[in-house]
Amino acid sequence: MSDRSPILVWFRRDLRLSDHAALSAAAESGRPVIPVCLRDGLVDGLGAAPKWRWGLGVGHLAGRLEGMGSRLVLRSGEAVEVLTALAQETGAGAVHWMRAYDPDSVARDTDVKAALKEAGIEARSFAGHVMFEPWTVETGQGGYYKVYTPYWKSVRGRDVATPLAAPSRLPAPDTWPKSEALDDWHLGRAMQRGAAVVRPWVRLGEEAAQDRLGHFLEDIVARYDETRDLPWTDGTSCLSENLAVGEISPAQCWHAGRRALEDGKQGAETFLKELVWREFAYHLMWHTPRILDANWREEWEAFPWNTDERLKEVRDWKRGRTGMSFVDAGLREMYVTGRMHNRARMITASYLTKHLLCHWKIGQKWFEDCLIDWDPASNAMGWQWSAGSGPDATPYFRVFNPVSQREKFDPKRRYVDRWIAEGHRAPSDEALSYFEAIPKSWGMSPKDPYPEPVVGADTGRKRALEAYRNRGF
């Protein structure tokens with residue numbers, strides 16, 4: 001293998017230049033670097049919003065690479081065939097990428113590594129999407145953690161790798177391979193008219209992610225313990241969007257949070273715990289991949305969830321027409337912004353799985369289609385936590401009351417009035433924008449009367465508890 005043979009750097013959900021171990025290793029080699037991005041079956045299988053958001057991130061990354069005299073080569077097809085062919089076409093002697101941990105990506109990457117090695121091409125994967133590789137965190141008995149608090153205690157004192165600076169330059173190959181056009185991938189097609197509504201809410205790219213982190217640590221984190229549960233205020237980092245596509249690394253967030261804690265901003269510890277909650281989700285997905293598509297607690301397999309998405313109550317839930325203002329506001333916020341406040345996520349999920357007794361997989365699938373911050377591990381664990389079927393889950397008998405939750409966390413109705421138009425003489429622009437984003441076939445209008453509850457708070461709670469008792473919970 002020639003010392004001047006190019007290295008392909010395969011970008012996936014790591015759309016940044018800094019703290020990118022695969023890119024840094026390639027740049028440090030002194031050999032030509034060819035950044036590559038693929039539209040394969042896993043990309044095609046993404047939901048509407050995450051696929052569109054990933055495409056925006058790819059376009060932004062391409063612009064940054066061009067700004068430093070490099071390029072992003074786009075190719076379509078299955079990764080094994082495309083990367084092998086591209087390596088042969090360019091004479092590349094190595095392919096680098098950052099690791100993924102969901103089972104579909106692991107299977108794909110395993111096949112890619114085997115095919116490249118068989119072709120005499122070096123294949124190297126690097127850590128960075130999580131702070132702690134899932135197989136490196138073990139209980140005293142050598143198993144994996146099933147409860148968050150012991151996991152947090154196990155990792156909170158660990159060293160987290162110091163983030164890497166972005167390469168100052170990337171040596172170019174003598175000849176660049178041809179690239180497909182990003183627009184021809186049509187990654188936003190399924191968003192339809194919603195894309196124009198959601199786009200102003202996107203904070204795109206590595207620079208925006210760093211600005212978002214800086215604002216949070218400067219102005220918010222000191223009061224984070226209080227503000228993170230208040231959906232009507234600017235009280236969270238909102239970094240989930242950028243973490244989901246890798247425009248910022250968890251290590252960058254961790255080290256910045258540690259500095260804030262050392263500066264006396266006590267809310268920073270809670271922020272660090274939230275970063276580790278994300279790590280815990282990946283830990284569980286790695287060790288028990290069934291969490292993505294089956295009840296993690298096997299005793300829940302016999303529970304008679306409703307699985308029929310055609311039911312009117314499911315349709316009303318998806319459309320933010322349950323008659324429960326906190327639930328509806330959360331679902332509409334998601335449709336307009338591509339994100340949903342975490343407190344609202346818990347309430348909307350609890351209402352679907354407990355008040356309506358619908359399978360958590362219905363909600364998981366809807367979020368996967370609507371969230372620009374969709375993350376396979378966090379989405380699955382969050383839904384199973386709310387439903388009671390997952391690891392370290394909320395107890396089955398804890399049924400969030402959407403009325404009292406709204407009274408506690410949104411007492412002046414700032415959040416619900418911001419997102420719900422019906423019943424208001426002068427609805428907010430955000431509430432009206434919901435009707436610009438949704439399909440016209442839904443036949444909804446801001447002039448419609450606000451609906452009565454699909455299932456009342458007390459009625460739904462009693463029904464859920466009765467169903468649990470009948471199943472021996």
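This is a predicted model: local features need pLDDT of at least 70, side-chain atom pairs count only at pLDDT 80 or more; totals for chains, interfaces and linings use all residues.
Residues are numbered from 1 along each chain as its sequence is written, and side-chain values use heavy atoms, with hydrogens and water left out.

**Salt bridges**

- A salt bridge here is a side-chain nitrogen of Lys or Arg within 4 Å of a carboxyl oxygen of Asp or Glu, and that rule gives 24 salt bridges.
- One of them pairs Asp109 with Arg12, with the closest N and O atoms 2.7 Å apart. That pair links distant parts of the chain, 97 residues apart: Asp109 is in helix H5 (residues 103-118) and Arg12 is in the loop between strand S1 (7-11) and helix H1 (21-28). Helices (H or I, at least four residues) and strands (E, at least two) are DSSP runs, numbered from the N terminus.
- Asp109 counts as buried at 8% relative accessibility, and Arg12 counts as buried at 7%. Buried means under 20% relative accessible area, exposed over 50%, and partly exposed in between (1.4 Å probe, protein chains only).
- Asp40 pairs up with Arg108, the closest N and O atoms being 2.9 Å apart. Asp40 is buried with a relative accessible area of 3%, and Arg108 is buried with 16%.
- Glu133 forms a salt bridge with Arg99, with the closest N and O atoms 2.3 Å apart. Glu133 counts as buried at 12% relative accessibility, while Arg99 counts as partly exposed at 25%.

**The annotated binding site**

- An unreviewed UniProt entry puts its "binding site" annotation on Tyr224, Thr236, Ser237, Cys238, Leu239, Ser240, Phe271, Asp373, Trp374 and Asp375. UniProt positions are given in the numbering used here, feature names are shortened, and annotations may be inferred rather than shown by experiment.
- Thr236 sits in the loop between helix H9 (224-227) and helix H10 (240-244), and is partly exposed with a relative accessible area of 23%.
- Leaving aside neighbours within four places in sequence, Thr236 is in contact (heavy atoms within 4.5 Å) with Phe216, Ile220, Tyr224, Arg228 and His341.
- Leu239 is also found in the loop between H9 and H10, but Leu239 is buried, with a relative accessible area of 2%.
- With neighbours within four places in sequence left aside, the contacts of Leu239 are Ala209, Arg212, Leu213, Ile248, Cys253 and Phe271.
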